[in-house]
Each structure stands twice: as structure tokens, then as C-alpha cells.
Amino acid sequence: MSQEQPRRPKGQNPIKYGDVFVVSGDLAQKPVAPEDAAMMQSAEARVLGQTQPGGAASVMQSAATRNEQAGLVGHRDVTDVTGDRGVTVTETKVPGRRIITEAVGGQVVEQYVEATPVEAGRSSAIKENAITIGEALEATAQTVGQKAVDQSDASAIQAAEVRATGSNVITPGGLAAMAQSAAAYNADCKLDQDKVKLADVLAGATAKLPADKAATLQDAEGVACAEVRNNPDATATPGGVAASVAAAARLNENVK
């Protein structure tokens, strides 16, 4: 924490990020602090025009208020992970809706879809459309686009392309081919700034796919297996390819 800590009442524990969000690592063990919540409120207002009911800022504000009232954090406290890496709110616009992704310290804490106005005569068709695998990949470029492509990313992208197109044949010059080339290049590249990033591969993913389809829970499972299987840590990247396809699949299930 950045400020001097008040004395913690015995027997009480603060509400931590891991208590209110699905996060891992150091962030999960950090208490939600008032300045963290204020940062997220500002980010939501800047990107979305207002604080979102039930959004990350609302959840963080509630937790931070309880922590402060219990004397477990100070009013000006900020969690070190949040202070170092910040909070982000991004939106990926697709026809008829936008995908909102909120992250704390580089880890996605909320992802949801909002309807947006569409052209006359298209609303019914757009409303029936679910979020596609290509759109989920574009969301990945927004959330963790600066991550260097590694073999787990490439495997997940390949699995996503196979499921989107329904073909096991890798399209020359397509997303999977680009991702595999990027992973191979990055493995031998010494400087991080020279490595190929996910955004370089996944920006405009929908247009790069020869075919696309709505993301399903089965698709999400297949992509997740590919990503985890090829990660030495046997984990999926928070906000990465598998996480974005899974979020799209869950949202599609909710609007059936």
C-alpha cells in the first residue's frame, strides 16, 4: 500500500480481489483499496461515459468502503499492483453491440456485452447474432494485445480458427499460420520490444478468418485445452485467447 496503514483490528481480514473477482497471483491476495476503486470509476466514466451499475468499479467501491469502515485500509490507500500496472477499460465494437472488458493490474475482472444502435432494417438480424469466435479474438487484441505471442497463444489461436472454419486445414497466411510464425520468431528473439505481439496477429481477426461462427461452450473448452496444454505452467493467460472465447460463449448462452 502506498500510504501509512492504520492499525488492523484483530481477527478481521480485508476483502481481497480474490474474494470478489476471478484473479490469480499477487492480485488475488491484495485488499481492495479506495484509490483502486476511484481509478476504475474514472476509467469507466472516460471510456463508457458513466460508471456501470454492477460493473467492476461498483464492486470495487463496495469492497473498498467496507475495508475502510473496518479500519483495514486508509482513504487514500492504493494497492501496489494497481498503482504499478493500473486499471483499464476497453471496448471492442462489433455490429449491434460492444464488448466491454475491465482489467486490474493486467488481469481481466469483468467482461460483458452492451447493445448499440444499428442501421435501420438490420436490428432484428443483428440482435439474433451471437458473438463470434473472430470477435472474441479481436477482444483479446484489445485486452492483452501487448503480450508477446508464445506457443500456447499460437495453439489456442489455431484451435479457435479450426472451430471457426470447421476445417482442420490451416489457411496459408491466416491467423493460425501467422500465430505459429510469430511464436517461432519470438522464441529466438532476445529483445522483448522486437517480439511480435498478440495485437499484431489478432487485430481485425474477423476479416482474416475465411469463415466464422458463434462461440459455444464446446469451442471454449477446445481452445482452453489447446492453450493450457502448450503452456509450461499449465495455465491459461488471464484475458487471453481462451478467456475471451469462454467469455463470448458464456454471453451467448445467456442470450439464448
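**Entry 1: the cores.** I began with the largest nonpolar core of this predicted model, which has 34 residues. The members that touch the most other members are Leu137, Ile157, Leu175, Val201, Leu202, Val223 and Val241. I then looked up which helices contribute: α7 (133-143), α8 (151-165), α9 (175-188), α10 (198-202), α12 (217-229) and α13 (241-254) supply at least two residues each. The largest share, seven residues, comes from α13. I also found a second, separate core of 23 residues, with Ile15, Leu48, Ala64 and Val104 among them.

**Entry 2: Val223.** I listed the contacts of Val223, leaving out neighbours within four places in sequence. The list holds Ala156, Ala159, Ala160, Val241, Ala242 and Val245.

**Entry 3: α12 against α13.** How do α12 and α13 pack? I noted an angle of about 165° and axes 8 Å apart. An angle over 145 degrees counts as roughly antiparallel, so α12 and α13 are roughly antiparallel to each other. Their crossing is left-handed. On the α12 side I listed Leu217, Asp219, Ala220, Val223, Ala224 and Glu227. These meet Val241, Ala242, Val245, Ala246, Ala249, Arg250 and Glu253 of α13.

**Entry 4: Asn67.** I turned to Asn67, which sits in helix α4 (residues 56-69). Is Asn67 buried or exposed? Its relative accessible area is 1%, and under 20% counts as buried, so Asn67 is buried. Not counting residues up to four places away in sequence, Asn67 touches Pro14, Ile15, Pro31, Val32, Leu72 and Val73. Of these, Ile15 is also included in the second core.

How values were computed: Residues numbered from 1 in each chain as written. Predicted model: local features only at pLDDT ≥ 70, side-chain atom pairs only at ≥ 80, totals over all residues. Heavy atoms only, no water. Helix = DSSP H or I, 4+ residues; strand = E, 2+ residues; numbered from the N terminus. Buried < 20%, exposed > 50% of the residue type's maximum accessible area, 1.4 Å probe, protein only. Contact = heavy atoms within 4.5 Å. Core = buried A, V, L, I, M, F, W, Y, C linked by side-chain atoms within 4.5 Å. Axes fitted to C-alpha atoms, helices over the stretch in contact; angles between N-to-C directions. Parallel < 35°, antiparallel > 145°, perpendicular 65-115°, else oblique. Left-handed = near helix turned anticlockwise from the far one by under 90°.
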